[in-house]
Amino acid sequence: MNQILHIFRKDARRHWPEIAISLSLLLAFAWREPRNWRSQSTIEPLSQFLSGALAVLVPVAWSFLIVRIVHAESLVGDRQFWITRPYQWKKLLAAKILFLAVFMNAPLLIADVILLAKAGFSPTRHLPGLLYMQLLMTVFLFLPSSALASVTANISQVLLAVLGIVLYLIGVAALSSEIPNSQISSADLIPGSIEFAILIAVLLVTVVLQYARRESFRSRVLLIGAALSILVIMVVTPYGTIIAHIYQPPASAQEQPVQLSFDSAKTPKPLKQRFPIRENEDAYIHIPLLVSGMAKDSLVAVDGTRFTVDSSGGAKWSSNWRPGGLLLTPDKDHDDASLQIGKRFLEMIGASPANVHISFALTVFREASVRKVIVAAGDFAVPDVGLCRMTASEWSSILCRSPLRRPSYLKVSTSSSESPCPHSEGEKPSPAGKIWNAWEWSSESGPAELGISPMQVFSLQFWERNDAGELTSPRFCQGAPLTFTTFERVRQTRADLDISGIKLSDYRLLVP
């Protein structure tokens, strides 16, 4: 223990400038963070920039400090002076871990406790989530930084390694976009978990191996092997088979959570694309759908779609699974299915009728809780969500903050018939019984999200476009009722739709 404390004190004395900088940045972040809990429209652009910059600089300062303390007893090259002293590698490693806990984990925990209390939440009640945040920060920042420092001899090598990692991540993203069916998030859960487990295990082994053996070449080969293994898993994973297993059709039509049919009554007309499309890109088709048969307490998210087109001339075209991006609700009786089709194929079939088969990968949600909350002048509490408030200058939205993580699936509703808010002179009153909805979706799981702030701030926007294309929104005031509805995932299934004799060219998006 004496040797561990000796090394710890030596590192603290030698690297006090880096320690002071990282603590100062964390203190500045904690001081400015509460400003983000107000309406974003009241925050000056410079203040927003500083808050965002501090959120980046704090992890960067921590990573640099980790590199410095690991390089203090070099594990690479011919300057490993510490092996000439009576240092035991286990105690040396323990001293470095103690350094991280004292100067990084502990200050972050203290800052988060203070921020939670300042935000109006009990730190003791959310202690498991705070500890989970510490675990996430250790796994996603401290461990990779330590592994990188353990296989490099100086800052120059670190920067070269960081450049290599950035290029690797860019390559992974580019490769992922080209792998068929890999864009459906549910299909990547299993291979993604395997890749994450391999990465964490290799990082841990690398750190321990370097302190125990200082075999830099073997450690670097191990890290490169892990990176290549992740690429191999991405390439060989049968995403289509996984999707077919996850999204299986129901046993009977009665079990289908929603009925989707082609809206043949909708008059085809050229649609305008809001953003220009390059000439070499695929063509975009919007097929109108009728939506019915949904339970009143349900939601259906379209996770992905797959199309098969058979033209009357015998030509055939099929797509892979692509993200759906649709949210079907009981009050919505129509929607559009977007098809990205090969431009050459569309030009080849021209105006000929075609048969289209659409498969929908669906996730079904049911209401978990429904709570009516009255809007107050300042912050008002919302069970299972956190604290919300009206925005200062935008009466069509509210700003909410949740401790540790955002609600996974949240709908907020307001009705014009229940609103006590007066209308301003010349303002067109809303139709009686008009309901506006705002949504918040989060795919994060676990008791907390990764980050240095314990507060998750999000805005709920209520405006929508009417049939004339005009923006409409409700008016909020003190005493107005809001209905907060949370949802839980029930099951995943698949729906299929066959459309005969449709002219795809009638539903093509046109370049403005």
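In the predicted model, Glu18 is buried, its relative accessible area being 12%. The side chain of Glu18 meets that of Arg68 in a salt bridge, with 2.8 Å from N to O. Because Glu18 belongs to helix 2 (residues 16-32) and Arg68 to helix 3, this pair ties together parts of the chain that are 50 residues apart in sequence. In contrast to the buried Glu18, Arg68 is partly exposed, with a relative accessible area of 33%.

A salt bridge is also formed between Glu73 and Lys10, whose closest N and O atoms are 2.1 Å apart. Glu73 is located in the loop between helix 3 (45-71) and helix 4 (89-119), whereas Lys10 is located in helix 1 (residues 2-14), so that the pair ties together parts separated by 63 residues in sequence. Glu73 counts as buried because its relative accessibility, 1%, falls under the 20% cut-off, and Lys10, at 11% relative accessibility, likewise counts as buried.

Another salt bridge brings together the side chains of Glu440 and Arg406, at 3.3 Å from N to O. Here, too, distant parts of the chain are linked, since Glu440 lies in strand 13 (residues 435-441) and Arg406 in the loop between strand 11 (397-403) and strand 12 (409-415), 34 residues apart.

Through salt bridges that share partners, Lys10, Asp11, Glu73 and Lys96 are joined into one network. The count of salt bridges in the model comes to 13.

Key. Residues are numbered from 1 along each chain as its sequence is written. This is a predicted model: local features need pLDDT of at least 70, side-chain atom pairs count only at pLDDT 80 or more; totals for chains, interfaces and linings use all residues. Side-chain values use heavy atoms; hydrogens and water are left out. A salt bridge is a side-chain nitrogen of Lys or Arg within 4 Å of a carboxyl oxygen of Asp or Glu. Helices (H or I, at least four residues) and strands (E, at least two) are DSSP runs, numbered from the N terminus. Buried means under 20% relative accessible area, exposed over 50%, partly exposed in between (1.4 Å probe, protein chains only).
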